[in-house]
Amino acid sequence: GSQLSSGPMTILVENHDRVAVITLNDPDRRNTVTAPMNVALIQAVAEAESNADIGAIVLTGAGRGFCAGAHLDDLLGAQNAEELAAIYTGFLAVAHSTLPTIAAVNGAAVGAGMNLALACDMILAGESAKFDSRFHQIAIHSGGGHTWRLRNKTDEQTAKAMVIFGERLSGQQAADAGLAWKCVSDDELLSTAIEYATTAAAAPKALVAKTKETFSKLDTIGVSQESVDLETTPQFWAMQQPEFKEFVANLKATIAAKKG
């Protein structure tokens, strides 16, 4: 893959065919989120989105941990709610990305670091993974939409168990709770994530973006007909695109050849 640097190497970006692997790169501090890392992360996501050759993102952490959360100095330095919200800009770039995203969680994902995993479309856990909400343990309210994201990935009881009752989940427990799609051995974690991402990246980029937009509106749907209406316009749009027309033409050619 090709190496790209973003400022002081707070993150590393390596492209594997159509997949951008973004690695949080501050292993000595367990990849704690800082302002420079946020800036680099926002830039890396934007670059992947605008690069026609990239169709998916894998997010992981260097060393023994995924992400230990927000830097306490940054939390304590916030003078108001707006400044506090700035801490979450990096992970929101991931959460709001038009690309399919996978968190390959190695070791601890704590607090805002757990948000970074929750921001992704799919979480894959290594056996070493530890998911720890931690907010109440440091006497702070959860932030960054933590409760909503966690409940959306799992259910209300799991979310409350982790946030209010301090339950920490291993990689396997996270998979059992639906927090992670599956748990794999640490040495297979990144290659498995890249494999899933490669499949997602094979679909047309604009199609994936529209599908993610549809998913984001599901909570507004109350009845069956609304679910049909939500998908009709983007489905009709997709049928006008060259990729679908090419698929149909190839299918017809294959059928004709069999008849011949």
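**Exercise 1.** How many of the 5 residues of strand β7 (residues 122–126) are buried?

*Solution.* Keep in mind that this is a predicted model. A residue is called buried when its relative accessible area is under 20%. In strand β7, 4 of the 5 residues are buried, so the strand is largely enclosed by the rest of the structure.

**Exercise 2.** Find the strands that are joined to β7, and say which way they run.

*Solution.* Start with strand β5 (residues 101–105): 4 bridges join β5 to β7, and the two run parallel. To locate this pairing, look for Ile 102, which stands opposite Met 122 in β7. Next, turn to strand β10 (residues 182–184), which is joined to β7 by 3 bridges, again in parallel. Here Leu 124 stands opposite Lys 182 in β10.

**Exercise 3.** Work out the order of the strands in the open sheet of 3 strands, and name its edges.

*Solution.* The order is β6-β8-β9, and the pairing is mixed. The edge strands are β6 (108–110) and β9 (169–170), since each of them pairs on one side only. Strand β8 (residues 130–132) pairs with β9 in the antiparallel sense, over 2 bridges. A handy landmark is Lys 130, which stands opposite Ser 170 in β9.

**Exercise 4.** Which residues touch the most other members of the largest nonpolar core?

*Solution.* This core has 48 residues, and those touching the most other members are Ile 22, Val 105, Leu 116, Ile 123, Phe 131 and Leu 179. Helix α1 (residues 35–50) gives the most to the core, with 6 residues. Now zoom in on Leu 116: leaving aside residues up to four places away in sequence, Leu 116 touches Leu 24, Leu 41, Leu 59, Phe 66, Cys 67, Phe 91 and Val 94. There is also a second, separate core of 13 residues, including Val 19, Ala 104, Leu 124 and Leu 189. As background, nonpolar side chains tend to be buried together in soluble globular proteins.

Notes: Residues numbered from 1 in each chain as written. Predicted model: local features only at pLDDT ≥ 70, side-chain atom pairs only at ≥ 80, totals over all residues. Heavy atoms only, no water. Buried < 20%, exposed > 50% of the residue type's maximum accessible area, 1.4 Å probe, protein only. Pairing = 2+ DSSP bridges. Core = buried A, V, L, I, M, F, W, Y, C linked by side-chain atoms within 4.5 Å. Contact = heavy atoms within 4.5 Å.
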